[in-house]
Structure formats: structure tokens, C-alpha cells
Amino acid sequence: MSVPELSVIAPSYRDRDKLGRLLASLRAQTLEPARFEVIVVDDGDEPALALAPEDLAAGVKLIRQRHAGPAAARNMALRHARGRVLVLVNADGVLAPDALARHLDHHAPDAPARAVVGRFDWLPEHDTPLVRALARLGIMFPFERLEPHADVPFWGCWTGNFSVPAAAVRAVGGFDESFARALWEDVELGYRLERAGVPVHYDPDIGCGHDHAYAVRAWVRHAEWFGHEWVRFAKKHGGAAFPILGGADEPTEELARQCLAGLLHQHDPHRDRVVALEHALDGGADVAPEALDELDDLIVAVNTVARMKGIAGAIWGFDPDALAERAAAVERPTVVHTVAGSWDFDTVPRLLDVLGDHADLLVASYIYVPPGALPDDPRVSTLRVPPTLPVEQMWRPVLDATAAEALIFLEGAPLPTGAEVRALARFLGISPWVGAIGLAARQGLPHTSGKLVASAPRHVVATTRRVLALDPGGPGSFLDRLPERALFQVALTLGGS
Amino acid sequence: MHVTIEKPTPFDRSIQWKLHHAYWAQRGVDAWSSGEVPWLSTSNFPTARQHAQLFHAVVADLEARGALAPGDLVWLLEGGCGNGRFAANFLRALELLDPALLERTRYLISDYSEKNLGEVVDQPHVAPWIARGVMVPALYDMNDPQRVRLRDGGTLTHALAFFVSSYVSCVLPMKHIQKRADGSWHELLVEIRADVDRPEGATERFISDLVADATRYNLLKNLELHFDWGEVDLDALFDHGSHADVVRAIVGDAEEATVGYPYGFFDFLRELQPLMLEGGVVLTNDYGSVSRDRIEGRFERRPQMYGNSLAQDINFTVYDGLPPVLGWEVLRTASELDSVHAAAVCAHGFGPAARALFATHYHQRRPSDDLLDYNAAARTYIQKKEYTRALRFYLRCVDLDPDDPELRYNAGSTALDAALYAVAIEHLERGYALDVEKRFDFDFQLGRAYSLAGRHDDALAWYRESHARSEHPVTLTNMGVLHAYHGRYATAHSCYARAIELDPHYERARDRLLRLKEMVWEDAVKGFVGAPIVPEDAAPRDEGAAS
């Protein structure tokens, strides 16, 4: 059996529609087929991948693994690779006909080991103002910041169009499979290769197209994951190896707290900026040259906030998908209105007006609730509590009476406005480590803003079922015990947005 | 209050498995060294040598088919390394068989328990292989078959030529399935009841208590278990569609059958394949049976327990269901006489060398069984105090594994009892050199042997070694007897006195002390003239065991 010189490795997950184009580009290579093998790893796609007859005839090898991410998939292929040199490509890549030949030229058997990164350009149909701006700003595939035909920093180790001696990858222990997403796993390998004396070399003449459409929302989530996975990288190699927020930050609790403070301040503007970017970019129209600076500012701001979200989440044990789930779970709060006397029943209709369709109302009553005392409204439910129950212990029976994740406790006047209730729920979604949010004075800021405080204002307090479930109970309010649980308190000031 | 902790639940989903996993995670190598979990029958040298021979043949086949180039590193993975004895014996056998192949071999010694792996790598029989770079420790959970985490932080970067495991198919989740004459299928359900103080939250409390202290003696055996059969739709019973077909293939045309079906291990085999070289082989050993008639009919199935871990005997005919459904080739042992059964699986078909080796080395009489049988026979004759016959069986064991210090120790000690001192000294001295872990009290036994052979200076030297390792009244008394015999009464006196200090109830030391006083008196009367007076029972008599 002849041994190929190159092993082309393509992990594939939910890219089955694009894989055919990659494999076609491999069949069209100028390099003789006997000099390379192709290994496709089906990363647990459902249904399982099947190769087309022409790919089977070309000897493409297909390995199926339990879904574990591209790092694990490449390691799986590495175990079976017979080539002296690995060429790592994406399933959504389209190689130029001479790409493999050019890669091979860099890896003469007696040459010092080095990795080679080629171009990974968006195909014309995906080459949008967004991706051009991301490259221009150094956020995603900033090839223009790499010196052509020279060794480049390890962060240029992008495995969409990349070659490296197999022995070098094996010597550093392969990809780190704890980087389970298509993010940082390649740069992290580049870091270890560089430290092992294998530099990354940039050759812009090795062409490869990138068959991937990017919309604003997808990129924002990507940026959150970028921050999240940076924490994994920084814990392994130190934050100074890749300063992410403009400084030599380390992934500490203090950094997470700073990020949380920034998120509380920037939450609403960030939301508005994302909407503005969608409006400007997702339509596909070009951006006027005079608007580019403003667009760049928006992108940089969104990128920073999104990364902060990912960083804080990673340090505190929540990934961006989990955070998004929690944000959705707290969107519709239950407002708890305590009734101590019959006059409190009169407040209920006004409360329902304020809440609109955005919340439910739980009337926790110390007194008998006579028929007709409360409006017949599906948003309203009733809880009878014993007269001896201290008001600060009210949350205990409330947890059993409602399944809502977000709870807003009202303690006396003034009642919150509908905007305040919505803002409380919105800000609860920022971090599961926010223990309670209290309404501060309304000050007419440009936008609603939260601030970390030692003790939240208490007349309207929002919290979550998760936070209450962490409370061991005891005398006094759960609010008093939040510091012991390392949970934060926030004062919310409603602004103009 | 007597409450139901677990309602009737399919056996493989019972809460007992939580305890099972917690036990393994918490117990560490003590599970084996304490004798709670057996290991000798699968980890002894002849067994390891037999598997090393198969590995050798598989490598030859892989080279012949081009999956491995001569000179390539050859990777094999042991899943669930136990106390590391098998791994050490395997590599020892491979070194004797083919030193060049040993140097190319990278033996991944793995366990899913970090505690166990951490303890195993420090074992004296394992550590030297790791230091040589031949053995590579890895965390590996057979429930997550494609993830190999090397202990130094890397990952597996080569495909495996060989996978070997012992006692694993019986401890991965399995279902007990029954086919009845009416064509219906049933699975074994388990119900757990217990006495509790408060019924509220009893299940959660019970589980958390159990898991928190999963190594408590006989915890699992003390659960009150009730078994029953529940009717199931075989085609909907498993996550993977092939299982129902494999079960049907196993049962064949039997009108009624009861099968312990190790689907957890078969899932593992399927998911392991991407890690294997084309032509790579999986070998597993387990206890159980091999006859088809042992699955026919309806009968009760109950799990067996080792410590607090679950186990069940495997009927190896279940492996016969794999080839017709998955197209794999299976070689397995087929004699009910074997103490442990083996199955080798190759998804791409075995090569000629492996097939031939399996036919000769696995289907014929197996030296590992000889070892176990000789061992058992020797113990039986020792109980009957027929030491010479016992020794003959131990010497056969030594022939099968000349480098096992335990066998040498047993042979030497038995030779002493048989009054064959030269034989005893030969085996005890060889065993002493082999016992780098100092697991056995060779120095004490050598003291006895030399003493009984009349070489008192040598005997004292060995007793001093034993004494330096740990003070023991028997050793001290034996030393005292020798000193007294040679007239060193003061030294003898201090030996006896120290022995009595250590154990005030040790009668032999007290007797010897009294005797010493008499001897001193006699010497005094005779004016210490000439050579030391030898008492009537001149030959110093040693006590046989220091413990």
C-alpha cells in the first residue's frame, strides 16, 4: 500500500450540503491523487453522513464519531492519517486547484517543521459588509494584519486552510478536545506549536473559499463564545498570551465582576446596537463609505460587550447558550403582591393594567379572599399564607405556588411601572449570579442601567427561583444572605430607552 | 418504616448502578488488594502472556495488510486497569516474546477513576514501565469510548492496534431479556425496599447516603431486592437499532430463552471502532459460561456483587449474535472447563496469524487455568498438612510464572514445612530478589530456612533484616534462640525481653526466657568451662510464622 504525502482532514457537522463542494475541489487538485488521502470525520451528524459514489471511488475515508466538536474530530482523523503532512480544512471550504500542491511545497522532508496558513476568503455570495468589517477590525480572519510570506503570530493558526507536519501535531499532543467548539481550538494548537518551535507561516497564494453565511445575530453569539473560550485558553496558558479586553487580563473572579458591572451598564445600549447593526447589514446592501466609521464603532462596541458576557459566564460556569436560555426563562416574571388587609385588593386591577401581557400576578394574602375580591383574570392566582408568616419569609410558599423562574416581590408603594417590571426581568437575564435587583430612583438616564451595590433597594425586588433555591433559610430575608452565597445585588435605574 | 426506595425498574437503570459507579470511583486499588474484587484469574502471568502472544500475532497481521508499517509505534489500550497487575505481566511477557516489539509498543493503562489510576501509576510493578515510556497512563471511561485523556494532558494521536480488558462486559450496563413461548419478550425489573425513619424524601436520602459512603462493607448486598419480569417491545427497547437484531440472532430458534445481554459493552465496541486501526482487535475476558444450552429456557437472573460493585456472568454465546448483524468476526473460547472465557472481535476480519494463534493458544488447554488449578491444589494439600505434595503443585505454578514473588514465597514456605531446606532457600532467595514492593516477609522465612538448615549466622542476618523492617515478637524470639544456642545469653535475654514487651502474652518467649535462666545456671555451676553447653533439644526450633 503506497503511503500518501498529505492527509487532508475535514471534520463535518451540519455541513453536509457544503461538504460535496469541498470534496469536488479536492478531486480537482493539480496534485496527483496518489500523493494525498482525504479523511472526512462525521462529527456525530444526524443522520449519519454518506459519501457520494465519486468520493468513494476517489478513496475518501469516512469516520463517524460521537459528536464531540472539531478538535476531537481532527484528533480522530489524526489517528488514522498516514500522510507526513496534515492539511486541515473546513467542510465548508472550497480549495483552489493548486492549494494542496502549494501546501506540499512548504513541507520538504528535510525542511524545518512549520505550519502554513493560507487564505480563507468568503465566497462572493457571503462576502458581506459585516464580514469585511470584521476582518478590517481584526475581529475575524484578519488576513490583512498578517505579513505575507512570513512567520506570523500563533493567533494566525486558522485551520480552514492549513498544513502542518503530522509529527509536530502528535508531538504537542494533538488538539485539546476541551475546546469543543470551532473556536480557539486551532489558535490554542498554534500557541503550543509556536512554543514547540513550529512557527505559523502565512502564504496568501494558497487559496480557499469559505462557504458560510454570517448574519449579525450569529456573529454576536459567536463573539460571546469567543469570550467564553478565551477563558479556557487563558486558564491554560495565562491571559497575557492573548489579551482580550485591551489589557493583560487574567480569568479571575474580579474580571468577571468587572464584566458584570459593564454588562449592567451596557445591556440596553448593546441591545440597541445589535438591532442597528442588523438593520444596516443583514439586508446585504453595501454601506456608504461615510457611514463606515460609525459602523465600525458599533461593531467594536457590540464585540466588546458580547465578549464580556462570554467571559463572565465562563468564569461563573454558564456558557452563552445557557445564558440565552436563562434570559428567555426570566422574560415573563410573576409579580408577588402581598395582601395584608382588604384595601390591598383594590390595588390588583391597577397592577394588572401596569403588567399588561408581560407578567403574571400572584396575590399572597394573609387574609381570607372573598369571592369577587379579585378580578377573574387568567394572569391572577392566589396564595393564602398563614398570618404568622414573616413577610421576609414569603418567598418560601411562593416557590411552591408558582413555577415562574423570575419573581418580583412588591413591598408597599409606589407600585412599579410596566416598563420597570419589564426592565427588571430583562436585567435578571444578564447573569444567574445576580441575586436580586431592586428599583432605585427614576433619574431619567439615557438608558436603563444597573449598578452593583452592597444592598439592593427593597420596595420592589426581583430575583429568581434559582437564587431562592440556593438559600438555606433562617431568620431575616434571603437578601441578607446573598453575600454569603457570593451573589450580587443590583440597583436598577430606569432610563429613556 | 418499610418503604419502596425504587419501584420496579429495568435492571440497567436501577439506582444500584449509582452505587456501583461510586464504589469504583472511591475504592481505588484497595478494591483488588483487599481481595474484594478478584483479579488473579484474569491478570496472572500465563493469561497476560497468552494475550501478549495474540497481540504479537495481530501486529504481524496489521503489518501484512499495510495498516502498520514495520517500525511504527503500536498503540494498545487496556480499559479498566484494576491494580495494574495485568499490564505489568503483559509487558513482561512481551519483552520475553519480542523485545523489539515491546520498544515500539505504547501501552495505554487506563481507568475511569482518577483515584484508581493515580494509585496504580505509583505501584512498584507499574512505575518502571511508565518511566521507560512503554506504558502511558490515561483516563478513559468506557461509557465515553472515543475520548482518551492522557494523564500528562495530551490526547491519543494514533489509532489503536489492540484493545484489551478484563471483567468489564459484566460491569457495564446490561439487560436481562427473556423470550417466552408465546413470542413475547420480557426484561428483568428490580424493586428495592428498605427500612427508613421517615418516608418523605426517602429515595433521595437513601441514594445520597449510599453514594456518599459507597465503600461501606457489603452495602449493596444489604439492599432488599425483588426481581420480576416486565413485558417489553424488543424493537423499542434499545437506543441503537442493531441490538434487537443481535438479541434475535443470539436466541435463534429457541422457543424460550433467558439472556444477559451486555448492550453497554456492545455499544462500547461499536463506538470504539473509529479509534481502531483497520484490522485492530478487541479482546475481552470475563467469567461466565459458553454453552448455548445455558441460555435456553426461562430462569431467574440475579446480579453478582464484588464489594459494592455489580457484576453478572456472561454467557459468551452472546458474541455469536454480532457477526450476522454487524459483519464483524468474533473468535471466542468455547470450553466450559475454562475458568475465564475470552472473546476477540475484529470489525474487519482477523488476519491469518491471529486466527492461528487463537486456535492453538485459546482453544487448547490454557496455562492460566493450570496456574489457578495448581494453586488451588497446593492450598488444599497444605490444609491436609501434606506439604510435599503441596510443594509439587507450587513448583508447577513457579514453572508457569517464574517471576511471581508470591508463588516463590508460597513454594519456599511450603518447602520449609516439608523440611526441604535447600529447596526453600532457593525459592525464597529468588522471590526476595523479585519482590521489589516488599509485599512478602521473605527475610523472616529465609531466617527460618537458614536456621533450620543449620546456617545460624545467615539466619541471624535475615532475621535482622526482618526485624529492621518491623519488630515482631516471633522474629525476636527466634533470634534469641540462636543467640542462646551460641552462648550469647545477654543478647538472647534482651531479645526475649523485648518480645515479651511487645506481646506480654507470648508464651513461647516466656518459656524461652525461663529456659535461658536454667541454661545460665547450668553454665554457672559448670564454671563456664569449655564450649557452651548444648541443652537437650539442641537444635534451635523456630516458630513458623511471624504473623
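The model is predicted: local features need pLDDT of at least 70, side-chain atom pairs count only at pLDDT 80 or more, and totals for chains, interfaces and linings use all residues. Residues are numbered from 1 along each chain as its sequence is written, while chains are lettered from A and ligands numbered from 1 in the order in which they are written.

Let us start with chain A. Its domain assignment (bounds come from an automatic or database assignment) gives domain 1 (6–210), domain 2 (219–317) and domain 3 (330–493). Between the C-alpha centres of domain 1 and domain 3 of chain A there are 52 Å.

Next comes a sheet of chain A. It is open and built from eight strands in the order E14-E13-E12-E15-E18-E16-E19-E17, with mixed pairing. Helices (H or I, at least four residues) and strands (E, at least two) are DSSP runs, numbered from the N terminus, and two strands pair if DSSP finds at least two bridges between them. At the edges are E14 (380–384) and E17 (449–453) of chain A, each pairing on one side only. From one strand to the next, the twist averages 25°; angles run from 0 to 180 degrees between N-to-C directions, and axes are lines fitted to C-alpha atoms, for helices over the stretch in contact. Within the sheet, E16 (residues 434–439) and E19 (residues 488–493) of chain A pair in the parallel sense over five bridges. There, Leu439(A) stands opposite Leu492(A) in E19(A).

Two helices of chain A pack on this sheet. H9 (residues 253–281) of chain A touches E17 and E19 of chain A, and its direction makes about 150° with that of E17(A). H14 (residues 418–428) of chain A touches several strands, including E12 (334–339) and E15 (406–410), and its direction makes about 160° with that of E16(A).

Now turn to chain B, where the axes of H16 (residues 405–417) and H17 (residues 421–434) come within 8 Å and cross at roughly 155°. That angle makes H16(B) roughly antiparallel to H17(B) (under 35 degrees counts as roughly parallel, over 145 as roughly antiparallel, 65 to 115 as roughly perpendicular and the rest as oblique).

Finally, the two chains meet: 15 residues of chain A are in contact with 14 residues of chain B, contact being C-beta atoms, placed from the backbone, within 7 Å. On the chain A side, E3 (61–64) and H3 (70–80) of chain A are the elements giving two or more residues. The largest share, five residues, comes from H3(A).
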